[in-house]
Amino acid sequence: MQPVAPRLATRTFDVEQVRSEFPVLSRRIHDLPLVYLDNAATTQKPLTVLERIDAYYRSENANVHRGVHTLSQEATEAYESVRPTMQAFLGAGSAQEIVFTKGTTDAINVVAGSMSRGYFRKGDEILLTGMEHHSNIVPWQLAAEATGAVVKVVPVDDRGQLDVEAYQALLGPKTRMVAIVHVSNTLGTINPIRQMIADAHSMGIPVLVDGAQAVAHGPVNVQDLDCDFYCMSAHKVFGPTGTGVLYGKAEWLNQLPPYQGGGDMISAVSFERTTYNEIPHKFEAGTPNIAGVIGMGAAIDYLSEFDIADVQRHEHQLVAHATGELEALGGIRLIGTADQKTAVVSFLLDGLHPYDVASVIDRFGVAVRSGHHCTQPLMDQYRIPGTLRASFALYNTLDEVDRLVDAVRRARKFLS
Ligand SMILES: Cc1ncc(COP(=O)(O)O)c(C=O)c1O
């Protein structure tokens, strides 16, 4: 298959215009306009995505890859057309390297599960970092349990940055796999993955990148990064839940055994011997989330209308404003102050539990996340039960940041 050229922006970034395209943003919560700052958990969906999914079910619904009838062929075409879309979005060399999955968690499980079947041996080391989401910890622990491999961890410093020297020292002849998060969902830290991938490759070690929090906030080019695997979820980038992508270099996808068996992933089946389909289908057993994949394509089409540098500038302003205003309140502990950060501000109020604060903030119509954010080892390191996390997307505004800060101020007054 052919390389696909990256898209060029077709519109100027205008936050009010953007907001008008996300119906849920006009909702009121407790009789106040919703301020949605839980985008790291999931993003809202623009009309184009909602309409595309609706149109699919209204007039195109059929199973893919299986029918000669027109509807099935149309559904297959719509579904398969998303592969080059995702190829261009991630900068992959070939659409064959785009495996549709249920999301990031599923994508990591595909690789870890597949590698458990013959790749890892007793004593092999799997290198993770201290800021991984549980999705990029537990699948490797399962793989280690099944094979006798061991999990090693790169330390994180107090500001939420990886200790890159420790990482380099941990890479060794026993290291068989590196799995690292591109952007931390709890800290917002952008990790220096390009260098880390080059370090691992200099010793012949493959690298998987968890890109769940990266793709909505900056350009990703897997060929430029030279990662072996890159995982993402559509719902973090304005698409539907239950859909995502595993990018894998063709040489890896060809080499690894299937993770699940079933329809579509086979070439021929008999009770004596089954042969497998070509990549990427070898990793896509069963009827996929067809509407979800089509919706993911619409979401990427939507995001690709913008110059991502405009989006980054806007989100950077939101983070800087939120950080400054929250610090100005006093009695706040920021968790995650790395030099390279994206659209997340995690914090605690002295003497108050994040759950209590989040519940009061909700009364003011402001949605933030509280808890461990599926990064319990990181919480243990900071010796905290969790944080409050405001996470931004392209449709958030400086006024919304002010509403957050005001709600935090009032919550503290109420709870103290
Ligand atoms: C960094 C990171 N990795 C992985 C995941 C898992 O994504 P999903 O639940 O969409 O599979 C998340 C979700 O919050 C995340 O933030």
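Is D264 buried or exposed, and what is its relative accessible area? D264 is buried, with a relative accessible area of 16%. Buried here means under 20% relative accessible area, exposed means over 50%, and partly exposed lies in between (1.4 Å probe, protein chains only).

The model is predicted: local features need pLDDT of at least 70, side-chain atom pairs count only at pLDDT 80 or more, and totals for chains, interfaces and linings use all residues. Residues are numbered from 1 along each chain as its sequence is written, and side-chain values use heavy atoms, with hydrogens and water left out.

Salt bridges were considered next. A salt bridge is a side-chain nitrogen of Lys or Arg within 4 Å of a carboxyl oxygen of Asp or Glu. The structure holds 19 of them. D264 takes part in one with R66, where the closest N and O atoms are 3.8 Å apart. This pair links distant parts of the chain, 198 residues apart. R66 sits in the loop between α2 and α3. D264 sits in the loop between α10 (250–255) and β11 (266–269). Helices (H or I, at least four residues) and strands (E, at least two) are DSSP runs, numbered from the N terminus. R66 counts as partly exposed, at 46% relative accessibility.

A second bridge joins R389 and D38, with the closest N and O atoms 3.5 Å apart. It too links distant parts of the chain, the partners being 351 residues apart. R389 belongs to strand β17 (residues 387–391). D38 lies in the loop between β3 and α2. Both R389 and D38 are buried.

R83 counts as buried at 2% relative accessibility. E80 counts as partly exposed at 22%.

Of the 9 residues of α4 (residues 82–90), 8 are buried, so the helix is largely enclosed by the rest of the structure. Contact means heavy atoms within 4.5 Å. Just after α4, G91 takes a positive phi of about 70 degrees.

K45 presents a buried charge. This residue is placed in the loop between β3 (35–36) and α2 (47–59). K45 is buried yet has no salt bridge. Lys and Arg count as positive and Asp and Glu as negative; His and the chain ends are not counted. On that basis, the nearest side chain of opposite charge to K45 is D38, 11 Å away. The side chains of K45 and T42 are joined by a polar contact of 3.5 Å. The K45 side chain also reaches the backbone oxygen of H235 at 3.3 Å. Not counting residues up to four places away in sequence, K45 touches E21, F22, P23, L50, H235, F238, G239 and P240.

The ligand site was then examined. Of the 13 residues around the ligand, T105, D210, Q213, S233 and K236 come nearest. A backbone N or O atom of T104 lies 3.4 Å from a ligand oxygen atom. A polar side-chain atom of Q213 lies 2.7 Å from an oxygen atom of the ligand. For K236, a polar side-chain atom lies 2.5 Å from an oxygen atom of the ligand. Taken alone, the ligand exposes 390 Å², and the protein buries 85% of that. Accessible areas come from the Shrake-Rupley method with a 1.4 Å probe; for residues, only the protein chains shown count as cover.

I29, in strand β1 (residues 28–29), is buried with a relative accessible area of 19%. The C-alpha atoms of I29 and V366 are separated by 8.2 Å, although the two are 337 residues apart along the chain. R19 is found in helix α1 (residues 15–20) and is buried, with a relative accessible area of 16%.

How values were computed. Polar contact = N/O pair within 3.5 Å; in protein donor to acceptor, adjacent residues only side chain to side chain. Near = heavy atom within 4 Å.
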